[in-house]
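Colleague: Could you walk me through how the helices sit together in this one? I have the sequence and the model open.

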Amino acid sequence: MTQRTDTPPTWDERTQLITFLDYARDTARAKCEGVSASDARSAPLPGSPLMTLCGLISHLRWVEHHWVQVMFLGEEPAGPLTQASDDDPDPEMRTAVDIPLPQLLAEYKEQSDRYRRLLSDHDLDSRAKRPISDGRHVDLRWVMLHLMEEISRHNGHLDIVRELVDGRTGV
């Protein structure tokens, strides 16, 4: 079972931000524990055919990649998001049903651990290498808060999908 806590070991700003970001990530993983392979690929919401547990975890992984590696560090985009188009805006969710959920979860965990170490080398006031749509360069603090918001919002989606596919609630 995934262990999680929202109480930081110390009260400095960085530790609090990292603790809440890790808590949101750990919650996403916990919501997927023990689900069957077929349920992980099931899209129970008629109006959202890409809304699967696999799709949501893949989306979280690639959103973090986008904000940390592409926007903050200025690296070139990689992975399924490079295939996004008006006709296929979420390829990371569509293609995820072909990847076993345990693999998606392991890759997301590995990436989260790597990003935690990587981001600890940067000051919270460090600016992103790439600008957001309005031309401003956000700081690392904003990136971390944005990721908390994104992951937490999708944790609600994971909650709904999990309850619909196998009845499990309360994670």
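**Helix packing**

Modeller: Helix H3 (residues 53-72) packs with helix H5 (residues 101-119) at an angle of about 25 degrees, and their axes are 10 Å apart. Axes here are lines fitted to C-alpha atoms, for helices over the stretch in contact, and angles run from 0 to 180 degrees between N-to-C directions. That makes H3 roughly parallel to H5, a term for angles under 35 degrees, while angles over 145 count as roughly antiparallel. This is a predicted model, where local features need pLDDT of at least 70 and side-chain atom pairs count only at pLDDT 80 or more, while totals for chains, interfaces and linings use all residues. Residues are numbered from 1 along each chain as its sequence is written, and side-chain values use heavy atoms, with hydrogens and water left out.

Colleague: OK, which residues in H3 meet H5?

Modeller: With contact meaning heavy atoms within 4.5 Å, the H3 residues include Leu53, Ile57, Leu60, Glu64 and Phe72, which meet H5 residues including Leu101, Leu104, Tyr108 and Leu119. The residues of this contact of H3 with H5 divide into 13 nonpolar, 5 polar and 4 charged, where Ala, Val, Leu, Ile, Met, Phe, Trp, Tyr, Cys and Pro count as nonpolar, Asp, Glu, Lys and Arg as charged, and the others, Gly among them, as polar.

Colleague: And how do H3 and H6 pack?

Modeller: H3 and helix H6 (residues 140-166) pack at an angle of about 175 degrees, with their axes 10 Å apart, and that makes H3 roughly antiparallel to H6. Among the residues making the contact are Leu56, Val63 and Trp67 of H3, together with Trp142, His146 and Ile151 of H6. By class, the contact of H3 with H6 has 15 nonpolar, 4 polar and 3 charged residues.

Colleague: What about Trp11, buried or exposed?

Modeller: Trp11 is found in the segment before H1, and at 61% relative accessibility it counts as exposed, the term for values over 50%.

Note on methods: Helix = DSSP H or I, 4+ residues; strand = E, 2+ residues; numbered from the N terminus. Parallel < 35°, antiparallel > 145°, perpendicular 65-115°, else oblique. Buried < 20%, exposed > 50% of the residue type's maximum accessible area, 1.4 Å probe, protein only.
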